[in-house]
Amino acid sequence: MLEKWLLVGLPALSSPTVPAEALAALSSAALPQTLAPGEYLFHEGDPAQFLFIVQDGTLLASKTSDDGRRVFLREVGPGEVGGLTSMFVEKTRSATLQARGTVQLVTLPRSAFLQALSTHPQLYAAIATHLSQKVRQKTGQVATLLARTGRDATQLVAFFDAKPYERTAFDKRWPQTLHATYFDSRLDLSTVSLARGYPVVCAFVNDQLSAPVIEQLAAFGTQLIALRCAGYNQVDLTAAAAHKLTVVRVPAYSPHAVAEHAVALILALNRNVHRAYNRVREGNFSLNGLVGFDLYGRTAGLIGLGKIGKCLARILRGFGMRVVAYDLEPDPEFARAEQVQFTDLDSLLAQSDIVSLHAPLTPVTHHLLNAKRLGRMKKGALLINTGRGGLIDTSALIEALKSGQIGAAGLDVYEEESAYFFRDRSDKAVDDDVLARLLTFPNVIVTSHQAFLTSDALDNIAQTTIENIQAFLNGATDLPNRVS
Ligand code: NAI
């Protein structure tokens, strides 16, 4: 078992020149080790007395910079080996390694490694092959960095939480003058040091732009936070202003995409498409429990009638629905033209068969739909949220679903979504009990913040983000999409 991991970490050991006894000697000296979340494997400056191979989990490598700051270097994940050079030369650790979650490792003491080398000199050739491959890989990375520093340093963009579908849209459009580096990692305190030296940071909805992150960004020379999304509730705007960081966003990329996804959730839930799909594939052609209602003639209540709310209002009017709306800044002209009635929140909740949320998340709208307001809704009403998770008190929603007060819920956003959404977590148990409970309801559909996800919206996001960045770098004083 441990032999397998030695081969994963040091693939050169599988060379036919390495005798089986040499591998057996190494694997009998190897030791399994488990680190609890947050536990240190070693600290910078500790004597290096073992090599390690990560079996499961992630280690965070960090280092103390010249000015005394802890700088995150990189993540060390499954299959990666560390401490190999210190097997040959007596050294101290060059970085601190800490477990992010639970981490399983295989360690090999230096004494056992040197013993195996002296008994089986063939190991030297195999390890030398491995090290030369590593050197080649690292010199390639250095060459890339050198090429980057050769570019105009004022035009560098650090693009966090980059996904392949976004890269496709952006790569078509980057002008010659801008140089983006895509980072898979989300922006937070543990990854902010990746932004060192980048005047522009491009972030998305689940990147964390808290005050400490912004403080670090400012110290690293960032001047612009270019959000490639509409909402900016994840940004501490007070901190951004205090550190003179400009924040821009993409106020609208396709309100149609989001409104159409809201309609997809309404139709799927009302007509039980998600349940019918599974049933029929299992050979169950029964219709019991699949009864929906006609949208025609029913009332939809839209909370927030801005760009997205207006698109949805038009679509639902097309179904022959009555549409009522609640907005802090009503648009009477639109209401007249599209036959939408503005009303107060309580009246909207009391009369709507479907309630859909399209207001931004602000301190005022946080838990706008709490237990009290959910209780004021029409019994059995359908609730749709493509706005922001924090608009609904999720625990109160679960109680309302249990009692039947809410007939069905379509949620594209969730209060604690950042730990889950946009990631493949299919090999792990859901450890968020509230989300896990939500997923047990047959009358709840959760999608992973995908309402915006159309090729048209991605193209618009790329276009506007690049225009925002260029305008800032060109010194425009009046940035149209400036948040702060
Ligand atoms: P918008 O700014 O055009 O419209 C928001 C409307 O909400 C405005 O009319 C505003 O007056 C109203 N409003 C503000 N505070 C309110 C309050 N306390 N009560 C009632 N109404 C209030 O924004 P847009 O483009 O329609 O987007 C709405 C929200 O949708 C965004 O803030 C964002 O959080 C979310 N969104 C979700 C996406 C997804 O993929 N799920 C994608 C894009 C946006």
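Reader: Which residues come nearest to the ligand?
Author: This is a predicted model, where local features need pLDDT of at least 70, side-chain atom pairs count only at pLDDT 80 or more, and totals for chains, interfaces and linings use all residues. Residues are numbered from 1 along each chain as its sequence is written, and side-chain values use heavy atoms, with hydrogens and water left out. Of the 22 residues around the ligand, the nearest are Lys 307, Ile 308, Asp 327, Thr 386 and Asp 412.

Reader: How far is an oxygen atom of the ligand from an N or O atom in the side chain of Asp 327?
Author: Let's look at the polar contacts, meaning pairs of N or O atoms within 3.5 Å. Ile 308 uses a backbone N or O atom, 2.9 Å from a ligand oxygen, and Arg 388 has a polar side-chain atom 3.3 Å from one. For the side chain of Asp 327, the distance is 2.6 Å.

Reader: Is Asn 272 buried or exposed?
Author: You'll find Asn 272 in the loop between α8 (255–270) and α9 (273–281); helices here are DSSP runs (H or I) of at least four residues. Most residues other than glycine have a negative phi. Asn 272 isn't a glycine, yet its phi is positive, about 55°. Buried means under 20% relative accessible area (1.4 Å probe, protein chains only), so at 8% relative accessibility Asn 272 counts as buried.

Key: Helix = DSSP H or I, 4+ residues; strand = E, 2+ residues; numbered from the N terminus. Buried < 20%, exposed > 50% of the residue type's maximum accessible area, 1.4 Å probe, protein only. Near = heavy atom within 4 Å. Polar contact = N/O pair within 3.5 Å; in protein donor to acceptor, adjacent residues only side chain to side chain.
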